[in-house]
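Student: I would like to go through this structure with you. May we take it one topic at a time?

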Amino acid sequence: MNIVAIVGSFHRHLLALQQSGVRGEERFNHPVALSFTSKLNSLCRMTHDRELDGLSAVRRIERGEAVEYEVILL
């Protein structure tokens with residue numbers, strides 16, 4: 001799977017939902033948004049701990065620090 005293609009498609013679908021009048025919480029909870037989010041979580045092997053580790057790494061990157069992270073092969 002190409003994560004860039006999936007994110008691009010997600011973006012196009014969210015824009016289409018917005019243009020059709022679906023906004024706010026209704027858009028975030030729309031079956032299309034939930035399906036794409038589920039796919040991204042699956043591709044990233046997302047767990048609660050992994051999410052917290054990722055957010056912590058982003059904070060370190062923002063401060064200009066070097067970051068090491070676990071890569072899980074597909």
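Student: Where is Arg45 found?

Tutor: Arg45 is found in the loop between H3 and H4. Helices here are DSSP runs of H or I with at least four residues, strands are runs of E with at least two, and both are numbered from the N terminus. This is a predicted model, in which local features need pLDDT of at least 70 and side-chain atom pairs count only at pLDDT 80 or more, while totals for chains, interfaces and linings use all residues. Residues are numbered from 1 along each chain as its sequence is written, and side-chain values use heavy atoms, with hydrogens and water left out.

Student: What is the phi of Arg45?

Tutor: Phi of Arg45 is near 55°, a positive value in a residue other than glycine. Most residues other than glycine have a negative phi.

Student: Is Arg45 buried, partly exposed or exposed?

Tutor: Arg45 is partly exposed, since its relative accessible area is 35%. Buried means under 20% relative accessible area, exposed means over 50%, and partly exposed lies in between, with a 1.4 Å probe and protein chains only.

Student: Which residue with a positive phi follows H4?

Tutor: That residue is Gly64, with a phi near 85°.

Student: And what span should H4 have?

Tutor: H4 covers residues 48-62, and at 1.5 Å a residue its 15 residues should span 21 Å. The end C-alpha atoms are 21 Å apart, which agrees. The expected span is 1.5 Å times one less than the number of residues in the helix.

Student: Turning to H3, which of its residues are buried?

Tutor: The buried residues of H3 are Ala33, Phe36, Leu40 and Leu43. Seen down the axis of H3, they fall within an arc of 95°, so they line one face of the helix. The arc is that of the directions from the helix axis to the C-beta atoms.

Student: What covers them?

Tutor: The cover of the buried residues of H3 includes helix H1 (3-19) and helix H2 (24-28). Contact means heavy atoms within 4.5 Å.

Student: How exposed is Ser38?

Tutor: Ser38 is found in helix H3 and counts as partly exposed, at 45% relative accessibility. Ser38 and Gly24 are 14 residues apart in sequence and 19 Å apart in space, C-alpha to C-alpha.

Student: Next, H1. Which residues are buried there?

Tutor: In H1, the residues Ile6, Ser9, Phe10 and Leu17 are buried. Their directions, seen down the axis of H1, fall within an arc of 105°, so these residues line one face of the helix. Val4, Arg12 and Gln19 are exposed on the other side of H1. What covers the buried residues includes H2 and H3.

Student: How many aromatic pairs does the structure hold?

Tutor: The structure holds one aromatic pair. Phe10 and Phe36 form this pair, which is stacked, with 5.0 Å centre to centre and 15° between the planes. Phe10 lies in helix H1 and Phe36 in helix H3, so the pair ties together parts that are 26 residues apart in sequence. Rings of Phe, Tyr and Trp (its six-membered ring) pair if their centres lie within 6.5 Å; planes under 30 degrees apart count as stacked, over 60 as edge-to-face and the rest as tilted.

Student: Let us move to charges. How many salt bridges are there?

Tutor: The structure holds one salt bridge. Glu65 forms this salt bridge with Arg63, and the closest N and O atoms are 2.9 Å apart. A salt bridge is a side-chain nitrogen of Lys or Arg within 4 Å of a carboxyl oxygen of Asp or Glu. Glu65 counts as partly exposed, at 36% relative accessibility, whereas Arg63 counts as exposed, at 54%.

Student: Which residues does Arg27 touch?

Tutor: Arg27, whose place is in helix H2, touches Leu14, Leu17, Gln18, Val22 and Ala33, not counting residues up to four places away in sequence. Gln18 is in helix H1 and is partly exposed, with a relative accessible area of 30%.
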